Amino acid sequence: MAMASFARRKAYLLTRNFSNSHPDALRYSFSLTSFSRGFASSGSDDNDVVIIGGGPGGYVAAIKAAQLGLKTTCIEKRGTLGGTCLNVGCIPSKALLHSSHMFHEAQHSFAHHGVKVSNVEVDLPAMMGQKDKAVANLTKGIEGLFKKNKVTYVKGYGKFVSPNEVSVDTIDGGNTVIKGKNIIVATGSDVKSLPGITIDEEKIVSSTGALSLKQIPKKLIVIGAGYIGLEMGSVWARLGSEVTVVEFAPDIVPTMDSEIRKQFQRSLEKQKMKFMLKTKVVGVDSSGDGVKLTLEPAAGGDQTILEADVVLVSAGRTPFTAGLELDKIGVETDKGGRILVNGKFETNVKGVFAIGDVIPGPMLAHKAEEDGVACVEFIAGKHGHVDYDLVPGVVYTHPEVASVGKTEDQVKASGVQYRVGKFPFLANSRAKAIDDAEGLVKIIADKETDKILGVHIMAPNAGELIHEAVLAINYEASSEDIARVCHAHPTMSEALKEAAMATHDKPIHI
């Protein structure tokens, strides 16, 4: 059965006939041969691959390059590997999200399960300590993987001297020049600032500062209702802060399916998070003990003052290329500062590549990892494969929201006739058994072919449940395909099966 499925997939891919020069070659190329350990060092001091940046894109690219037999050096300015994601982003934020959720559950849910506790308190230093320990262990783990795969690790700030040379100011005060036949820029992104707002990481903080507050603010204002703002707002709301989210747009998380978004916002409001949408910040005063924001409607109108102990600026991220001296070697960028690449991640300068947040596409750690693997596969003469339409997105609040593929609004705008199937977790036996049944699964499929076009899940652990949908869409499965696959009972994933049944025909349990 599995072999037949692979054969069908192979035949299907071969009919695509995409050449590497095709603009969509990156998304659809697929290697049907095994890897060989070619491109070993020629014996000179030059590297086959030099990577500037040790974040998810950079360190994964370095390990994969070494596994393919390429002599590899990775340069990282931070002094610890893992980039923003591991050090001050994805990992520490998830540690705090989990810890704050445990505290919230102890306060509000344990009694329903017959667990009696009293005098539940937050030990913020201990909570931060657990977060820091997780980060430290993981960064050391990557260093171990570098040693295992014989990747050379240079700690310092790299900048181009030529298309094949990088000058590194090392963190110990020295300087060295690293040569490479191929150089990959994987320097990630930085916090996007707003005009008139100075981030001091004490009263006005970025996501980095929000991960290290020394006390729980009584009032927290979050500027920006995207993934990061909602996650960090959720952490401090659970710990007792009065959280208000200010957003210029008319909706939170504008990329989210509109139906899911509305339910998600209602869920956050039930958790006492407040939202001021279609609102812009026109003034900031941090001269006193707290911060005063001057606000007005996005369309103009009367101004109001909103006060807080801490303000979190979460207005997005911007490519980080400062100090690389890309202009010195002629690398082209767009108006947003992103490096322009072709389908093989090549810049306009021969031998210089770029991946992750510094190029167009979703600014997500897992996207950067896929970029890194595909890029070094191309360098090694293989075929890389990344489909940006199939990069899942997850908001790690509680409940989580995860999605892949198109939203209903996008499908409607395309003119494709479609069907929608939904199933609420209130009808899922596992969710009811654990008393955590808020949310739903929504599947959008082509009306004529039943091919799945998009899946959106709001639920506990939605970020884990979404990957069955990612795989299904990647292999162009129909909703009937998921509906006819046996799912273990009782599990949360049965809701996905029931939603597929609702899309194709009728669900059983509602």
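Colleague: Where does Gly158 sit?
Modeller: In this predicted model, Gly158 is part of strand E3, residues 152-162.

Colleague: Buried or exposed?
Modeller: Gly158 counts as buried, because its relative accessibility is 5% and the cut-off for buried is under 20%.

Colleague: What does Gly158 touch, leaving out residues up to four places away in sequence?
Modeller: Its contacts are Ile52, Ile75, Val166, Ser167, Val168, Gly323 and Leu324.

Colleague: Which UniProt annotation covers Gly158?
Modeller: The unreviewed UniProt entry has Gly158 under "binding site", along with Lys94, Thr187, Gly188, Ser189, Asp357, Met363, Leu364, Ala365 and His366. Those positions span 273 residues of sequence and are spread in space too, with C-alpha atoms up to 29.9 Å apart.

Colleague: And Gly188, where is that one?
Modeller: Gly188 is in the loop between strand E5 (175-185) and strand E6 (189-191). Beyond neighbours within four places in sequence, Gly188 contacts Pro319, Phe320, Asp357 and Val358. Asp357 is also one of the "binding site" positions in the UniProt record.

Colleague: New topic. Which residue does UniProt give as "active site"?
Modeller: His489, again from an unreviewed entry. His489 lies in the loop between helix H15 (479-483) and helix H16 (494-504), and it counts as exposed because its relative accessibility is 60%.

Colleague: What does His489 touch, not counting residues up to four places away?
Modeller: Ser429 and Glu494. The side chains of His489 and Glu494 are joined by a polar contact of 3.0 Å.

Colleague: Last one: which residues make the nonpolar surface patch?
Modeller: Phe110, Val115, Val117 and Val120, with a patch area of about 270 Å². Phe110 is in the loop between helix H5 (90-108) and helix H6 (124-149).

Definitions and conventions:
Residues numbered from 1 in each chain as written. Predicted model: local features only at pLDDT ≥ 70, side-chain atom pairs only at ≥ 80, totals over all residues. Heavy atoms only, no water. Patch = residues over 30% accessible without salt bridge, like charges linked within 9 Å, V, L, I, M, F, W, Y side chains within 5 Å. Areas by Shrake-Rupley, 256 points an atom, 1.4 Å probe, with all protein chains shown as cover. Salt bridge = Lys/Arg side-chain N within 4 Å of Asp/Glu carboxyl O. Helix = DSSP H or I, 4+ residues; strand = E, 2+ residues; numbered from the N terminus. UniProt positions renumbered as here; feature names shortened; annotations may be inferred. Buried < 20%, exposed > 50% of the residue type's maximum accessible area, 1.4 Å probe, protein only. Contact = heavy atoms within 4.5 Å. Polar contact = N/O pair within 3.5 Å; in protein donor to acceptor, adjacent residues only side chain to side chain.
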